[in-house]
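Me: I would like to go through some labels used for a structure and ask what each one rests on. Please set each value against its cut-off.

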Amino acid sequence: MIINNIPDNFPEPFKEELNRIQKLEKDNYGLVFAVRDSYETVLKILLLSICYLVKENDEDGFCKTLFLKQMSFGDWISELPSELKKADYVLNHPQIHKYLKQLVKFYNLSNIVKWRNDFIGHGLMSDPEDGDFFKNAEVKINELIDFLTKYSIPQEILQLDFKNLIPFMFMEADEFFLYE
């Protein structure tokens, strides 16, 4: 698998996630999960970073969405961003508001959930030797990198200490934890 260059200015958790994908290149079964997990991890890091910024502004309207139920990937793609876009902090930071819109649009167009389900389908793996799938996995991960490169992550997010955004994400004993 050929992964586009990972820019140096990417947040450390993104670089770690994308480097993990490169290491799975020969693990046919793990690759499908890893590509989808990378999309989910990147989305969660971005959204939880915005949650942290909003919460620091003494707003918590998004908390019902985040804490009242076990969120599906679809909830992360649509419901939480929709709530965050209503926050005063986001409305007063047009770059973050615009980025949220771009992020949701990208995730909806990428169809990553359908892509994964088409390969796995009710728990039955497709042929792991299917060359088309692995070419598609390469395309999917590079589309994610291209999005993150093309649409600059707002400075307010990049300036955060991703190792200490409690309760949304933190690092302990060299392991990174995200709110699920």
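**Labels and their cut-offs**

Reply: Leaving aside neighbours within four places in sequence, Lys15 is in contact with Ile6, Pro7, Asp8 and Phe10; contact means heavy atoms within 4.5 Å. The model is predicted: local features need pLDDT of at least 70, side-chain atom pairs count only at pLDDT 80 or more, and totals for chains, interfaces and linings use all residues. Residues are numbered from 1 along each chain as its sequence is written, and side-chain values use heavy atoms, with hydrogens and water left out.

Me: Where does Lys15 lie?

Reply: Lys15 belongs to helix H1, residues 12-23. Helices (H or I, at least four residues) and strands (E, at least two) are DSSP runs, numbered from the N terminus.

Me: What makes Glu12 and Lys15 a salt bridge?

Reply: A salt bridge is a side-chain nitrogen of Lys or Arg within 4 Å of a carboxyl oxygen of Asp or Glu. For Glu12 and Lys15 the N to O distance is 3.7 Å, so the pair meets the definition. Both residues lie in helix H1, 3 residues apart, about one turn of the helix. Glu12 has a relative accessible area of 42%, and is therefore partly exposed. In general, side chains of opposite charge can pair when their charged atoms come close.

Me: How do you know that Arg20 and Glu17 form a salt bridge, and is each of them buried or partly exposed?

Reply: Arg20 and Glu17 are both in helix H1, 3 residues apart, about one turn of the helix. Arg20 counts as partly exposed because its relative accessibility is 33%. Glu17 counts as buried because its relative accessibility is 11%.

Me: What makes Lys69 and Asp75 a salt bridge, and which labels do their accessible areas give?

Reply: The N to O distance between the side chains of Lys69 and Asp75 is 3.2 Å, so this pair also qualifies. Lys69, at a relative accessible area of 38%, is partly exposed. Asp75, at 13%, is buried. Elsewhere, salt bridges that share partners join Arg36, Glu40 and Lys44 into one network. A search of the whole structure finds 8 salt bridges.

Me: Which residues does the cis peptide bond join, and where is Pro167?

Reply: The cis peptide bond joins Ile166 and Pro167, with omega about 10°. Pro167 is in the loop between strand E1 (164-165) and strand E2 (169-172).

How values were computed
Buried < 20%, exposed > 50% of the residue type's maximum accessible area, 1.4 Å probe, protein only.
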